[in-house]
Amino acid sequence: MLCLTLLAPLAQAAPALPPAVQTALRRAQVPAEALSVVVQEVGSERPLWSLAPDTPRNPASVFKLLTTYAALDQLGPAWTWQTPVYLSGPVRDGVLDGSVLLRGSGDPSLVLERVWLLLRHLQQRGVHRIRGDIVLDRSAWQLPPSTPADFDGEPSKPYNVQPDVLLLNFKTLTLHFSPQPDLGVARVSAEPLLAGVSLPETVPLSPRPCGDWRTALQPDWSDPTRIRLQGSLGADCGEKDWPVAYADPAHYNARLIAQLWQEMGGQLDGQVREGTVPAQADPTWQESSPPLAEVVRDINKFSNNLMAEQLFLTLGMLEYADPDRPATPDDARAALHDWLVRHLGPEAAAQVVVDKGSGLSRETRITASQLATLLLQAWRSPVMPELMSSLPVSGVDGTLKRSTATGGRAHLKTGSLRDVAAQAGYVLSRSGRRYVLVALVNDAQAGRARPALEALTQWVMDDAPAP
């Protein structure tokens, strides 16, 4: 019998899975051949235990580890996006005799509060009436035509919102339902409000169980200016929030800014429209994002696909910046490939299939061994604290909040697609050893394999014997 002891790591890789993992895989009807695993102590030169470590597999959202580690490594934890704001004319007595221009730089953190603050900064500079337009410049990126329905046919899901160099509030809104039992209805509100968009004031309450309450509301998103809910809400549902992607993403920014500016008492003689900033213009000021370390934390803790794509495309823009041409997804892929060459070597980097920075892809491929190598390098790097603290913690937060493994001992990025279940990161065992753990499952029943990955995590934590 090969054992993981409390005194020393194993010298060889064990060919069989721990019993609890085997049992969980059998219950999930997932063959062991669908699994790749690497377990390696952070100070060791060779794996403690591995299974099919060199088989290329789809890592799903675990790929975010590459995007975020590469960004921290190249830009540093304190790096920020800068969104320049331009005023095209003089300001006198609260009136701007010209237009306001915003130029997108890829910032993924321009949420509602920060858009409001940007407009507040405009008012603090004495602007309360704009005689021209508010111009939105999205020319720094050139993205291929796409729709939110392309990946899985679910265009209203927030994770399907497409990246945008000027991304405001993730192009989403949250519908809030507040039941009023005495009136037999639930009041409906939206955050944020969008100019020119209406929604019903109430929906009826019904006696049926809450269940799949979203489907029961029978939403109709076909008219972006009129959100319709033709069903009802179960009376026992209580208050509910429903984040949705806006049905007309191309006009989301204009509707949001127009609504906020009006709510703040501002006047706009022109319109909110798209355009470009003149080549020689100097910004009046620049809006700074939170530090990169904070953005990376949001990406990894909650597996935010859109923020990861924004970061991925930003890397391409910074690496291949050219004033004569906008950045493209191919630039991002090339930038990440170049980084992988430096960290894995040309031969191994050539084997990694890079498609999207979020891992929301059917084409992405990487091996468990390659992921483990990068995690071991990250452990020895200056940005280790920022990367590790960005990962979900078992039983504590993020996508591992409901983990059944011992709480607080694993920092792991998780990944899930229709045929993928994965996790990778760091595990602290009871003996005080720190291990890199990578586990990738590619199978039609992968969604049922999560208990097997939980069992694998617990096995590493417990320094338990393996067959």
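Are Y69 and W339 buried or exposed? Both are buried, and buried means under 20% relative accessible area, exposed over 50%, partly exposed in between, with a 1.4 Å probe and protein chains only.

Some ground rules. This is a predicted model, where local features need pLDDT of at least 70, side-chain atom pairs count only at pLDDT 80 or more, and totals for chains, interfaces and linings use all residues. Residues are numbered from 1 along each chain as its sequence is written, and side-chain values use heavy atoms, with hydrogens and water left out.

Confidence next. pLDDT is the predictor's confidence in each residue, from 0 to 100. The chain averages 94, and 96% of the residues score at least 70. Residues 1-14 stay under 50. Where pLDDT is low, the predicted coordinates should not be read in detail.

Now the cores. A nonpolar core is a set of buried Ala, Val, Leu, Ile, Met, Phe, Trp, Tyr and Cys residues joined through side-chain atoms within 4.5 Å. The largest one has 58 residues. L340, Y426, V436 and V438 have the most contacts inside it. Take L340. Leaving aside residues up to four places away in sequence, L340 touches L66, G345, A349, V352, V354 and L374; contact here means heavy atoms within 4.5 Å.

On to the rings. Rings of Phe, Tyr and Trp (for Trp, the six-membered ring) pair if their centres lie within 6.5 Å; planes under 30 degrees apart count as stacked, over 60 as edge-to-face and the rest as tilted. That rule gives 8 aromatic pairs. Back to Y69 and W339: the centres are 5.0 Å apart and the planes stand at 90 degrees, so this pair is edge-to-face. Y69 sits in helix α2 (residues 64-75) and W339 in helix α8 (residues 329-344), so the pair ties together parts 270 residues apart in sequence. Helices (H or I, at least four residues) and strands (E, at least two) are DSSP runs, numbered from the N terminus.

W213 and W242 are also edge-to-face, at 5.8 Å centre to centre and 75 degrees between planes. W213 is in helix α4 (residues 213-216) and W242 in strand β15 (residues 240-245), so parts 29 residues apart are tied together. W213 is buried at 6% relative accessible area, and W242 is buried at 9%.

Last, charges. A salt bridge is a side-chain nitrogen of Lys or Arg within 4 Å of a carboxyl oxygen of Asp or Glu. The whole structure has 15.

Which residue forms a salt bridge with K301? D397 does, with the closest N and O atoms 2.7 Å apart. K301 lies in helix α6 (residues 292-301), and D397 in the loop between α11 (384-389) and β19 (410-417), 96 residues apart. K301 is buried, at 3%. D397 is buried too, at 18%.

E274 and R138 form a salt bridge as well, at 3.0 Å between the closest N and O atoms. E274 is in strand β17 (residues 272-274) and R138 in the loop between β8 (134-137) and β9 (172-180), so the link spans 136 residues in sequence. Both ends are partly exposed: E274 at 45%, R138 at 33%.

One more: R362 meets D419 at 3.9 Å, N to O. R362 is partly exposed at 25%, and D419 is partly exposed at 28%. Finally, salt bridges with shared partners join R138, D164, K171 and E274 into one network.
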